[in-house]
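Visitor: Please walk me through this model. Then take a close look at one part of it.

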Amino acid sequence: QVQLVESGGGLVQAGASLRLSCAASGRTFSAAAMTMSWFRQAPGKEREFVAATMWSGGSTYYSDSVKGRFTISRDNAKSTVYLQMNSLKPEDTAVYSCAARPRYYTGNYDQHSTYAYWGQGTQVTVSS
């Protein structure tokens, strides 16, 4: 079994920064063999892709809405993925969830249905 635990959310003003962390654990978990991503869901809206870091470690992807402001990174030795969020906007307010899938999973990385493991989420609220 794999567990993902997010932390780092909070209430900030527009323009501020936050760094989210997602710590993974599990007897069979190997961070280096996982594509890990962040998704978010605002009240009344569907879950949307935010950013992904591929299992190979070399590629990262972002949604257009966060590109240039957010940075995803990973530390495989710590089995942790991070999301540095700068220049936050009120529209970034949402529950942010970490997701992971083994490298052999197929399907688009930006589709939440393709992920096997999920954290419980952390609330990010940006006030104007």
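How many Å apart are the mean positions of the positive and negative charges of the protein? And where does Ala52 sit?

Guide: This is a predicted model, where local features need pLDDT of at least 70 and side-chain atom pairs count only at pLDDT 80 or more, while totals for chains, interfaces and linings use all residues. Residues are numbered from 1 along each chain as its sequence is written, and side-chain values use heavy atoms, without hydrogens or water.

Charges come first. The mean positions of the 12 positive and 8 negative charges lie 7 Å apart. Lys and Arg count as positive, Asp and Glu as negative; His and the chain ends are left out. Each charge is placed at NZ of Lys, CZ of Arg, CG of Asp or CD of Glu.

Now the fold. The protein has 11 strands and zero helices. Strands are DSSP runs of E, at least two residues, and helices are runs of H or I, at least four, numbered from the N terminus. Buried residues make up 44% of the 128 residues.

Next, Ala52. Ala52 belongs to strand β5, residues 48–53. Its relative accessible area is 0%, so Ala52 is buried. Buried means under 20%, exposed over 50%, partly exposed in between, with a 1.4 Å probe and protein chains only.

What does Ala52 touch? Leaving out residues up to four places away in sequence, its contacts are Met36, Ser37, Ser59, Thr60, Tyr61, Ile72, Tyr109 and Tyr115. Contact means heavy atoms within 4.5 Å. Take Tyr109: Ala52 and Tyr109 are 57 residues apart in sequence, but their C-alpha atoms are 7.1 Å apart in space.
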